[in-house]
Amino acid sequence: MGQTANQSLDISVPKVRREKIPEAEASDLKAEIKELLRRRKALLVAHYYTDEEIQILAEDTGGVVSDSLEMARFGHRSEAKILVVAGVRFMGETAKILNPEKTVLMPEIEANCSLDLGCPPDKFQALCNEHSDRTVVVYANTSVAVKAKADWMVTSGSAVDVISYLRDKGEKILWAPDKYLGDYVQKKTGADMLMWNGSCVVHEEFKARELQNMRRLKPHAAVIAHPESPAGVLCQADYVGSTTGLIDFVKRTEAEEIIVATDKGIFRKMELVGAGKKIIAAPTAGKSATCRSCAECPWMAMNSLIGLRNILRNLEPQITVSKDLAESALLPISRLLDFAESRRQVVFGNNDA
Ligand code: SF4
């Protein structure tokens, strides 16, 4: 692990709670949501980690299921004036920054992210002040206030390229907030990186020793992992990549079984593209297991059919970002977009959580 700059913050993690709705009621809810989306001319964009029924609603109504920046980009390309973002807070904020003229709604405005919560803007500002000689690079999974303090924003699919570029320019990096992704990027690039001590409660729980045991039992299975996972898991993986990259791997691999270290919500897409390949959850149990998430993001799970119906009925509360903050946060985002454009990368297809 590279050098971390601060103590990790104790994040209060909600229990994964899912509404149990009788089938007939769920069916009525889905019909009402479809009608409201149509009547409001609204677009539903959902993250891979949301519940299957929300993903299906997004696909059935002309929306998209994807990673966070593609969600924002898709919304930007659309003529819809109302974007409904089924995901977590920073995704709604990013959508608003990139689409300031549109109304951005979320089924659950309290849905957050341990990386975002674990990097409070005031503490982050203090660290930036202490290390003003470093270029500040933040992951997409941060609040708009933290992005506003950064020189660059990166996604998991673009982080290695951006940090390599900055390393070649002789720049030292202040990285936030995910120490595991930062460590992975540091090992890949050899860059001088000082890291914020944050983590994703979902990916942090994958267990290296138990994964070894699972691999012994399934020697022909491929192992794939999101780079927010600990180094002991990543070093066992046949492929490490972003959510979109992981789905692509499942599609193209010849392995019949694939052990996956990321949120289980993505399994639906993997099973769709995998043509019968068996998708197996990487272990989160075992000695030292806390199972605060058990590979299910508790904040993503807050997105519910009832919340979706209610936000479409009421159109409140909306995601708002002050003009000053939005302008400041747009700078590091635009740098990434320009960088990707200049390198002809398909950055939006290869990014974050
Ligand atoms: S899975 Fe992890 S990184 Fe993604 S939203 Fe949940 S806590 Fe944040």
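Reader: Where is Leu315 placed?
Author: In this predicted model, Leu315 sits in the loop between α14 and α15.

Reader: What is phi of Leu315?
Author: Phi of Leu315 is near 55°. That is a positive value in a residue other than glycine. Most residues other than glycine have a negative phi.

Reader: Why does Leu315 count as partly exposed?
Author: Leu315 has 14 C-beta neighbours inside 10 Å. Exposed needs 12 or fewer, and buried needs 20 or more. The count of 14 falls in between, so Leu315 is partly exposed.

Reader: Which peptide bond in that loop is cis?
Author: The bond from Glu316 to Pro317, with omega near -5°. Pro317 lies in the loop between α14 (305–314) and α15 (323–342).

Reader: What makes Ala275 exposed?
Author: Ala275 has 8 other C-beta atoms within 10 Å. The cut-off for exposed is 12 or fewer, so Ala275 is exposed. Ala275 is in the loop between α13 (267–274) and β13 (278–281). Phi of Ala275 is also positive, near 45°.

Reader: Why is the crossing of α3 and α4 called right-handed?
Author: The crossing is right-handed because the near helix is turned clockwise from the far one. The helices pack at an angle of about 35°, with axes 9 Å apart.

Reader: Which residues of α3 and α4 make the contact?
Author: From α3, Ser68, Leu69, Met71, Ala72, Gly75 and His76. From α4, Met91, Thr94, Ala95 and Leu98.

Reader: How many residues of that contact are polar?
Author: Four are polar, six are nonpolar and none is charged.

Key:
Residues are numbered from 1 along each chain as its sequence is written. This is a predicted model: local features need pLDDT of at least 70, side-chain atom pairs count only at pLDDT 80 or more; totals for chains, interfaces and linings use all residues. Axes are lines fitted to C-alpha atoms, for helices over the stretch in contact, and angles run from 0 to 180 degrees between N-to-C directions. Helices (H or I, at least four residues) and strands (E, at least two) are DSSP runs, numbered from the N terminus. Two residues are in contact if their C-beta atoms, placed from the backbone, lie within 7 Å. Ala, Val, Leu, Ile, Met, Phe, Trp, Tyr, Cys and Pro count as nonpolar, Asp, Glu, Lys and Arg as charged, and the others, Gly among them, as polar.
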